[in-house]
Amino acid sequence: MSTQHYENILVSNPEPSVTLITLNRPKALNALNSALFKELNVALETADNDRTIGAIVLTGSERAFAAGADIKEMKDKEFADVYQNNFLENWQALTKIRKPVIAAVGGYALGGGCELALMCDIILASPAAKFGQPEINLGIIPGGGGSQRLTRIVGKSRAMEMILTGRQITASEAEKYGMVSRVVGEGEGQVVKDAVVLAKEIASKSQIAVQAAKEVVNAAYELNLPEGLRFERRMFHGLFATKDQKEGMTAFAEKRKPNFTNA
Ligand code: CAA
């Protein structure tokens, strides 16, 4: 359990190998302000550096994963301020986390909330989840990666429609679009329960292999195909230097469960 005190998030360990981070500004539908992001980045880094933790779940409430960047905090900002201070740059910290981050989305994931979910490695959604990029209705555009990550995932036409109209899509549309890996069953808290089960399963694998797998899959969004394939092959070769590879393959041959030591 983290000893750090947070005002805008809750951090717990529903399983010894899983950190659950819950965005906790219910009155503002978890609008993402700078104080929340500072805390979120500390909590993510703490979990990433904790050798007992194998995966992280990020969630909000049943009503809102996050309703976007905090509009009230942003509304009086000037160009000189946001440009010179590179406003939102610290949002990228999530993409540098080495351990898998699973978004458990219940309710609204709008604007920056949708972008935050898209920065995670896996998204599970409750049937009532709603995704959207409504920035156009505020006279702005997505600023947390929405235009780039969303477009790569759902394609140009769907991304254009979402970003140009601000239309919210349902969980089942998001599943059809490939934004979420699955929509979980009905029931309060079900999406978090399923995400924790998934996180626990991932945490039971060799953490070196998990980290490498995350790195190579993410490289598919950054490298061209020959570079990506080469990178994958080299990482694959590299894993033959680990004890976990020896253990995994020996256990298979001996018809027993592997005992990974993350070495
Ligand atoms: N920023 C600040 N406060 C927000 C907020 C946001 N993004 N979203 C909701 N809130 C606040 C509301 O102001 C309201 O506060 P008060 O009770 O003090 O008035 C409270 O949360 C509850 O919201 P509503 O009364 O509006 O609840 P609702 O159920 O009627 O509507 C909603 C829900 C459709 C999500 C609506 O709140 C909404 O449209 N929110 C804004 C969504 C949005 O535009 N997000 C994009 C932000 S810009 C961005 O994210 C930029 C980027 O790319 C990084």
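The second largest pocket in this predicted model has a volume of about 440 Å³, where a pocket is an open set of points on a 1 Å grid over the protein atoms alone, reached by a 1.4 Å probe and with protein on both sides within 12 Å along at least five of seven lines, and where the volume is the space filled by probe spheres set on points joined across faces, edges and corners. Its lining, meaning residues with an atom within 4 Å of a point, comprises 23 residues, of which A69, M74, E135, L138 and I140 lie nearest the centre. The elements giving two or more residues to that lining are α2 (71–74) and α4, helices here being DSSP runs of H or I of at least four residues and strands runs of E of at least two, numbered from the N terminus. By class, the lining has 13 nonpolar, six polar and four charged residues, with Ala, Val, Leu, Ile, Met, Phe, Trp, Tyr, Cys and Pro taken as nonpolar, Asp, Glu, Lys and Arg as charged, and the others, Gly among them, as polar.

Let me turn to the ligand. It is surrounded by 25 residues, the closest being A69, K72, G112, E115 and E135, and a residue is counted if one of its heavy atoms lies within 4 Å. As for polar contacts, which are pairs of N or O atoms within 3.5 Å, a backbone N or O atom of A67 lies 2.9 Å from a ligand nitrogen, a side-chain N or O atom of K72 is 2.8 Å from a ligand oxygen, and a polar backbone atom of G112 is 2.7 Å from an oxygen atom of the ligand.

Two or more lining residues come from each of α4 (112–119), β7 (122–125), α5 (146–154) and α9 (207–219), with α9 giving the largest share, eight residues. Domain 1 (9–204) and domain 2 (207–254) each supply at least three, the bounds coming from an automatic or database assignment.

On confidence, the protein chain averages a pLDDT of 97, and 99% of residues score at least 70, on the predictor's per-residue scale from 0 to 100; the model scores ipTM 0.98 and pTM 0.97.

Residues are numbered from 1 along each chain as its sequence is written, and side-chain values use heavy atoms, without hydrogens and water. Local features need pLDDT of at least 70 and side-chain atom pairs count only at 80 or more, whereas totals for chains, interfaces and linings use all residues.

Note on methods
A polar contact is a pair of N or O atoms within 3.5 Å; within protein, one must be able to donate a hydrogen and the other to accept it, and residues adjacent in sequence count only if both atoms are side-chain atoms.
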